[in-house]
Amino acid sequence: MAMWDVLREMENLRRDIDSAFRGFGRPQFGEAGFIPGLGVTEYPQINLAEDSDNIYVEALVPGLDPKDLELTVMRGTLTLQGERKEADGRKKAWHRNERGAGRFLRTVEIPAEVEADKVRAEYRNGVLTATLPKAEMAKPKKIDVKVA
Amino acid sequence: MAARNIPVRKGEDMPVREGTLSRENYVKPAVDIFETEEELVLTADIPGVSKEHLDIGIDKGILTLRGHAESSLKGDVIYRDFQLTNYYRQFELPDAIDAEKTRAEVKNGVLTLHLAKQEAAKPRRIEITSH
């Protein structure tokens with residue numbers, strides 16, 4: 001029987017609580033709707049996907065100069081940071097102001113070791129997509145079973 | 001405050017309002033709207049929408065923004081915050097907008113719409129002459 005790992009249990013509890021509160025206070029449209037802009041607790045919003053060779057990341061970061069966007073991978077975490085500049089300072093009267101501006105940073109755990117120097121990222125139409133190749137040791141291996 | 005008239009429409013020419021579209025199929029983009037002496041400027045966050053998939057229309061004083069975005073994410077999703085889908089939002093414009101002079105541009109997932117005011121609606125400085 002496996003040992004009961006207190007730390008792991010606590011980590012699981014923390015994750016359960018996090019996911020229970022995720023989306024709280026945010027409008028829900030179907031499966032996973034969003035309104036980018038002000039009032040979003042975690043910014044930027046991301047999607048993660050994987051296949052046997054890569055991990056794929058997609059993040060919503062509209063209205064950024066790609067130079068102001070920084071993606072770093074370090075020991076199982078992916079950090080996305082940047083700054084969205086405030087609109088120009090012309091003399092004006094506001095009717096609506098829903099879009100946020102300012103610095104942001106978000107760190108996510110990635111579920112496998114990746115080769116940090118082979119990460120490719122692309123910024124297009126306000127969406128950042130990154131492909132993180134998994135390290136050789138993290139790829140699934142098929143083991144042949146021999147008949148003795 | 002200027003009086004605002006909401007035009008009364010009946011039957012067929014009624015524009016599609018937000019409530020009649022099913023909620024799963026669109027999201028409302030966040031917008032900024034500000035006014036300068038010459039124009040109204042609307043900026044909207046529409047990440048994932050390219051120029052080809054964006055449709056902006058002004059009809060009978062109603063501005064309609066429609067956009068379509070598709071995710072290019074490969075593989076099996078393991079964590080999801082958002083779904084790239086359709087954008088839809090409508091605004092009622094004041095009467096003093098010159099619809100012909102509207103300019104729009106999309107850059108890095110942000111739409112900027114310049115709605116020019118009609119000449120008559122621009123503020124004027126009146127010189128006072130003393131005798």
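Author: Accessible areas come from the Shrake-Rupley method with a 1.4 Å probe, and for residues only the protein chains shown count as cover. By that method, chain B has an accessible surface of about 8,300 Å². Carbon and sulfur atoms hold 49% of that surface. This is a predicted model, where local features need pLDDT of at least 70, side-chain atom pairs count only at pLDDT 80 or more, and totals for chains, interfaces and linings use all residues. Residues are numbered from 1 along each chain as its sequence is written, chains are lettered from A and ligands numbered from 1 in the order in which they are written, and side-chain values use heavy atoms, without hydrogens and water.

Chain B has 9 strands and 0 helices. Both are DSSP runs numbered from the N terminus: strands (E) of at least two residues, helices (H or I) of at least four. Of its 131 residues, 40% are buried, meaning under 20% relative accessible area with a 1.4 Å probe, protein chains only.

Two strands pair if DSSP finds at least two bridges between them.

Look inside next. Strand 2 (residues 31-35) and strand 3 (residues 39-45) of chain B pair in the antiparallel sense over 5 bridges. B:F34 stands opposite B:V41, in strand 3 of chain B.

Note on methods
Buried means under 20% relative accessible area, exposed over 50%, partly exposed in between (1.4 Å probe, protein chains only).
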